[in-house]
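Welcome! Please take a moment to look over the sequence and the model shown here, and then we can walk through a few of its features together.

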Amino acid sequence: AETYTPRVTLVPPSFHLEKDCPYLSPLCDQPLIRGGLPISFNVTVLNGLGVLGRVTDLQWASDSSLVVEAQYPVTLWPFAGAFAVRIRASPDASIGVHTGKLWVRVDSNEKTCSDASSDGRWVAWEISVEIAAKPDKRKRLLWDASHSLTYPPSFSPRDNLNQNADLLDWNGDLPYTNFRGLFRRLRSRGYHIDVWYEDLSCINLDEYGALLLVDAEDIYSQDEIQAVHAGGTSLFIVADWADAALREQARFFDDNTQVAWEPAVGGANVVELNKVLKPFDVALGGGAWEGALPQAFGAGSRFESGSVIARAPVGSYVVKTRLEK
C-alpha cells in the first residue's frame with residue numbers, strides 16, 4: 001500500500017514575479033518601484049499534518065531591499081487555510097531582481113491518518129521580485145479602485161448595455177478585469193499604474209501625473225474632492241451611462257434574497273463625478289449614448305453606453321460627433 005508522508009504544501013509553491021508571468025498576472029505585469037505601493041495577495045496552505053493546524057510564525061530572510069509583511073497567526077481547518085502577504089520595495093532599494101525566502105511555521109496538535117507525530121514544520125517559500133527605479137511623475141498613474149462597486153454586495157448593472165449576456169457587473173472596473181485592454185495599452189507606452197483601494201485623501205497625489213477615475217459609482221467625500229484639487233494632479237475620467245429610466249428597466253427580482261433589486265446608480269455615478277469636475281467648470285450630461293467616433297480615433301472606433309459632456313469652459317478641446325441615445 002502507498003504510504004503518505006505528512007507534509008505542508010504552499011500554493012503557489014513559489015513566487016517568482018520576474019519569470020512566472022502570465023501565471024502570476026496581474027501581480028507580475030509591472031515591477032515594483034522604489035518606495036512605491038505594495039502588492040498584496042493570499043498564499044494557500046495545505047496542511048497534511050492534521051485536520052486542525054495553525055500558522056504560528058513567519059520569518060523573512062533576505063536583504064533590506066524587499067519589505068515583506070504577512071498575516072499570522074492563521075487557523076488551518078479543515079486541512080487548509082490562507083494567509084495574506086504584502087511586498088514592497090524600500091525607498092533605497094537597489095535596482096534589479098531580489099530573492100529571498102519566507103519561512104512559514106505550521107503547527108498541529110492532532111495525529112494524521114498515518115499515526116505520525118505532527119508537532120510542526122518550517123516550510124520555505126521562495127520569492128523573487130524585480131525592483132525598478134521610480135519613474136518620472138509624468139509616467140506614474142493612480143487608478144482609483146475605491147469607488148468601484150461590484151455585485152455582490154451592491155447591484156451594479158453592466159457597463160456596456162449592448163452586451164446582453166449578463167445583467168450584472170461582476171468584475172468591477174479595475175485595470176485587471178473590465179479594463180484589462182486599457183491597462184495593457186498604457187503599460188506598452190511606458191506608464192506605471194498604481195491601484196488605490198482606500199480613501200483618496202490618504203495618499204500623496206503629488207507623486208502622480210494623473211488620477212484615473214474610471215466608471216466611478218460610489219460617493220466622493222468632501223475631503224477626497226479637496227485632496228484631488230489641492231495638488232493640481234491631472235484627472236482622467238471615464239464615465240459610463242447614467243439614466244434613471246434605464247435603471248428602472250434593470251430592476252429585477254432576486255430569487256436568492258427574495259427581494260426586488262434596483263441599481264443604486266447606472267454605469268457611473270455622474271452626480272458624484274460632476275462634484276469632482278465642478279472646479280474645472282466641466283459637467284457631464286448623463287444618458288446612454290452611442291455612435292461612431294471620428295476617424296482620428298481609428299477605423300471602426302465607437303462610443304458605446306457612455307455619458308456626454310454637457311458643459312465645458314471656453315477654450316476647451318471637445319470632440320464632436322453624432323451620437324444616438
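Which helix and strands each supply at least two residues of the lining of the largest pocket? In this predicted model, they are helix 1 (180-188), strand 13 (210-214), strand 14 (234-238) and strand 18 (302-311). Strand 18 gives the most, with eight residues. The pocket itself holds about 1,900 Å³ of space. It is lined by 50 residues, and the closest to its centre are Phe236, Ile237, Val238, Ala239 and Phe303.

Next, let us turn to the cysteines. The structure has one disulfide, formed by Cys21 and Cys28, with their sulfur atoms 1.8 Å apart. A disulfide is a covalent bond between the sulfur atoms of two cysteines. The torsion about the S-S bond of Cys21 and Cys28 is about 80°, so this disulfide is right-handed.

| Residue | Relative accessible area | Class |
|---|---|---|
| Cys21 | 36% | partly exposed |
| Cys28 | 12% | buried |
| Cys202 | 56% | exposed |
| Phe79 | 44% | partly exposed |

Why does Cys28 count as buried? Its relative accessible area is 12%, and buried means under 20%. Cys202 counts as exposed because its 56% is over the 50% cut-off.

Finally, look at the surface. Val51, Leu52, Trp77 and Phe79 form a nonpolar patch there, and together they have about 400 Å² of accessible area.

How values were computed
Residues are numbered from 1 along each chain as its sequence is written. This is a predicted model: local features need pLDDT of at least 70, side-chain atom pairs count only at pLDDT 80 or more; totals for chains, interfaces and linings use all residues. Side-chain values use heavy atoms; hydrogens and water are left out. Patches are made of residues with over 30% relative accessible area and no salt bridge: like charges are joined within 9 Å, nonpolar side chains (Val, Leu, Ile, Met, Phe, Trp, Tyr) within 5 Å. Accessible areas come from the Shrake-Rupley method with a 1.4 Å probe; for residues, only the protein chains shown count as cover. A salt bridge is a side-chain nitrogen of Lys or Arg within 4 Å of a carboxyl oxygen of Asp or Glu. Buried means under 20% relative accessible area, exposed over 50%, partly exposed in between (1.4 Å probe, protein chains only). A disulfide is a pair of cysteine sulfur atoms within 2.5 Å. On a 1 Å grid over the protein atoms alone, a cavity is a set of points where a 1.4 Å probe fits but cannot get out, and a pocket is an open set with protein on both sides within 12 Å along at least five of seven lines; lining residues have an atom within 4 Å of a point. Grid points are joined across faces, edges and corners, and a volume is the space filled by probe spheres set on the points. Helices (H or I, at least four residues) and strands (E, at least two) are DSSP runs, numbered from the N terminus.
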